[in-house]
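Have the model open and follow the paragraphs below in order.

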Amino acid sequence: MEDKQRLQLGENPDWMSRLPEELLDVPLWNLAIPGSHDSMTFCLDVSSPVLRSESCLLRLTDRLFPCCTRPCVYRWATTQQSVLSDQCDLGIRFLDLRIARKPTDGVKLFFAHGIYTLLTVKEALEELATWLDAHPKEIVIISCSHFDLLDHRDHTRLVEYIISLFGEKLCSSQDSPTLRSCWFRGQQVIVSYDDQQMVQQHPELWAGIPYWYADSSDPKKVIAYLEDQKSRGRPVGFYICGLNLTEDAPYVLLHPFQNLKKMTTKALSLLLRWASEQRPGPKVGGVNIICCDFVAVSQFCSLVIGLNYKLLDGADAI
C-alpha cells in the first residue's frame, strides 16, 4: 500500500494497545472489532478453474469458455485488495479465511472464493505470524471455514500447522478473553475452526462464529436484515455483522461492465452510516465484529474502532 494512501486512510496498527484502561477487562466479544470479508481474495488466480463446489452450470461454462468465465468470476469474487499485514495495519482484527485444496496440487492448501488464490495457506499464516511478532499487544481472530475438498488428513495437517506456528499465542476456547488477560498470558490469536470434530479434539480451536449475512446486492436490504437480526438479540460470545453485498446471476447479466468493487463503493456511504450508529456491548442490539469488503478504500476500520469509546459513557460493557 502506498504511503499516501496509508496517510489518507488513517492506519491503526496498535489500536488495541491504545484503548482506555476502562476497556481492558471487557470481554472481546463485547468490543467492536473491524473485520474483512473473504480476506484473501486480493490474490485470486484468474487462470485457475472454478471450484468443484460451484454450480454445475458455472463449471460447465468454465470448461467450455474459460477465457470468459474466469475473468468474470474474478471481477465479482474479489472482495479485498490488500495483503493481510496491510489489512492488520489498517486495524482489521478479524480475518475470514476460506480454505480449499486444489484437485491437482497435492497436499498444498490455498484459499478460494469461486476460484483459487495464488498464495498458499502456509504463506499467508506465516505473514500474519510475522506481523503479530511486531505488534505483541494486538489480538487477531482467524476464522477458518468452507474447507473445499479437504479430507480428515488435510484437517489434521492444517490444525497441527496452526498450533505449531502460533504455539503459546493461541487463546484457549475455555477462556473468556479480554485484552488484559491476553496480554498477561502472551496470547494474540483466536482461531475459529468450522469443523466440529477438530474443535472437539483441540481446545486451542473455537467453534464457528455466527455470521449475519443478508445475501443481497441492495444495501437497504442488508441494513434491514441486520436490524431485524439485532432485534432478536445477539448471540452469546463472538458474532459478525456482515456489511458485504452479494450479486446474483441476473445482477451480473444486467451490469456487464461493473464489478464487486464498484457495487460496494457505491453503497459504502449508506453502509458506513449504519455502522457509525451502532454500539458494542452485551445488550440487545450490541454489535461485536463488523465485516466489510474493500476495507482499504474507506475509513471503515477507524469508524468501527471508534464505536468502543461509546462504552465509556455507560455500564454495559461486561
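At what angle do helix α2 and helix α3 pack? In this predicted model, local features need pLDDT of at least 70 and side-chain atom pairs count only at pLDDT 80 or more, while totals for chains, interfaces and linings use all residues. Residues are numbered from 1 along each chain as its sequence is written, and side-chain values use heavy atoms, with hydrogens and water left out.

The angle between α2 (residues 56-64) and α3 (residues 66-77) is about 130 degrees, and their axes lie 6 Å apart. That makes α2 oblique to α3. Angles run from 0 to 180 degrees between N-to-C directions, and axes are lines fitted to C-alpha atoms, for helices over the stretch in contact; under 35 degrees counts as roughly parallel, over 145 as roughly antiparallel, 65 to 115 as roughly perpendicular and the rest as oblique. Helices (H or I, at least four residues) and strands (E, at least two) are DSSP runs, numbered from the N terminus. In the contact (heavy atoms within 4.5 Å), Leu 58, Thr 61, Asp 62, Arg 63 and Leu 64 of α2 meet Pro 66, Thr 69, Arg 70 and Val 73 of α3.

The largest pocket has a volume of about 1,000 Å³. A pocket is an open set of points on a 1 Å grid, where a 1.4 Å probe fits, with protein on both sides within 12 Å along at least five of seven lines; lining residues have an atom within 4 Å of a point. Of the 38 residues in its lining, Glu 54, Leu 58, Val 73, Trp 76 and Glu 247 are the closest to the centre. Helix α3 gives the most to this lining, with seven residues. Among the other elements that each supply at least two are α2, β2 (94-101) and α10 (249-254).

The second largest pocket holds about 280 Å³ of space. Its lining includes Lys 108, Glu 123, Asp 154 and Tyr 161, and α5 (121-134) and α6 (152-166) each supply at least two of the lining residues.

Asp 154 also forms a salt bridge with Arg 101, at 2.9 Å from N to O. A salt bridge here is a side-chain nitrogen of Lys or Arg within 4 Å of a carboxyl oxygen of Asp or Glu. The pair links helix α6 to strand β2, 53 residues apart. The structure holds 14 salt bridges.

Note on methods: Grid points are joined across faces, edges and corners, and a volume is the space filled by probe spheres set on the points.
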